[in-house]
Amino acid sequence: MTDRKTAREELPMIEVRDVTMRFNLAKEKTDTIKEYFLKLIQGRLHFDEFFALKNVSFTVSKGESVALIGRNGCGKSTLLKLIAGVYYPTKGQIIKRGSIAPLIELGAGFDMDLTARENIYLNGAVLGFDHKFMDAHFDEIMDFAELWDFVDVPVKNFSSGMLARLGFSIATIVTADILIVDEILAVGDFEFQKKCHRKMASMLENGTTLLFVSHDAEQVKQICQRAVWIDHGEVQDIGESGKIVEEYQQSLTQA
């Protein structure tokens, strides 16, 4: 029984197995949805295939912090969305073990016409928390976000930094098994970024697994143990974050 339990505990939190993601890009411009479907039904709509990811494989262990690095458009955000369950791969398999707190797109999950207060309860419901739970943690969320002066202001009037504060505060109200963070901390002010890093460090100490995307090399080396370097949708190298960041930066100077 003990051996079986140990084997379960040693399974990776995230397994990405030979994942390919293909998008079909329409060649012709269509002005309306009706026109799009008419052309599609009549076989007059032609597509170019675009492979955002090609045969990507790696694993992330429990409590490990791993960065995805690469140029803009290399496939990092697509991969995060696949892991978060926003997309499904064209080919391959993604296995996740445990709960996920995704911080993928700024403002994702928010209704921009609702206030910060209303969005806290809305996001809580999306994450599976009931009204009573959100009541109990409401002050904690607002204290961390430092947005009490704007609690009843529609979030469409928030700056990108304020949206990042609110999103991070809601997503990390409980210690999820897997935390996914994509660049959104780059828009916050320096002091709040430090606060978020302390929070992530605390979550890692408590066993949370972190998947992190950032163009800030120092941030990657400071926060993450390993890095996965992606270029044109393909994995170039995987290893210790400092080593992989250096390889990636050298490739930029040679380009």
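The legends below accompany close-up views of a predicted model.

Local features are taken at pLDDT of at least 70 and side-chain atom pairs at pLDDT 80 or more, while totals for chains, interfaces and linings use all residues. Residues are numbered from 1 along each chain as its sequence is written, and side-chain values use heavy atoms, leaving out hydrogens and water.

View 1. The structure holds eight aromatic pairs; rings of Phe, Tyr and Trp (its six-membered ring) pair if their centres lie within 6.5 Å, with planes under 30 degrees apart called stacked, over 60 edge-to-face and the rest tilted. Phenylalanine 23 belongs to strand 1 (residues 14-26) and tyrosine 87 to the loop between helix 3 (76-84) and strand 4 (91-96), so the pair ties together parts 64 residues apart in sequence. Helices (H or I, at least four residues) and strands (E, at least two) are DSSP runs, numbered from the N terminus. Phenylalanine 23 is partly exposed at 23% relative accessibility, and tyrosine 87 is partly exposed at 27%; buried means under 20% relative accessible area, exposed over 50% and partly exposed in between (1.4 Å probe, protein chains only).

**View 2. Phenylalanine 138 and tryptophan 148 pair edge-to-face.** Their ring centres are 6.0 Å apart, with the planes at 70 degrees. Phenylalanine 138 sits in helix 5 (residues 131-145), and tryptophan 148, ten residues away, in the loop between helix 5 and helix 6 (160-171). Is phenylalanine 138 buried or exposed? Phenylalanine 138 is buried, at 5%, whereas tryptophan 148 is partly exposed, at 37%. Together with Tyr121, these residues form one aromatic cluster.

**View 3. Leucine 179 in the largest nonpolar core.** A nonpolar core is a set of buried Ala, Val, Leu, Ile, Met, Phe, Trp, Tyr and Cys residues joined through side-chain atoms within 4.5 Å. Not counting residues up to four places away in sequence, leucine 179 touches Met200, Met203 and Leu210, among others (contact means heavy atoms within 4.5 Å).

**View 4. Cysteine 74 and cysteine 224.** Cysteine 74 is buried at 3% relative accessibility, and cysteine 224 is buried at 4%. How many disulfides does a search of the whole structure find? The search finds zero, a disulfide being a pair of cysteine sulfur atoms within 2.5 Å.
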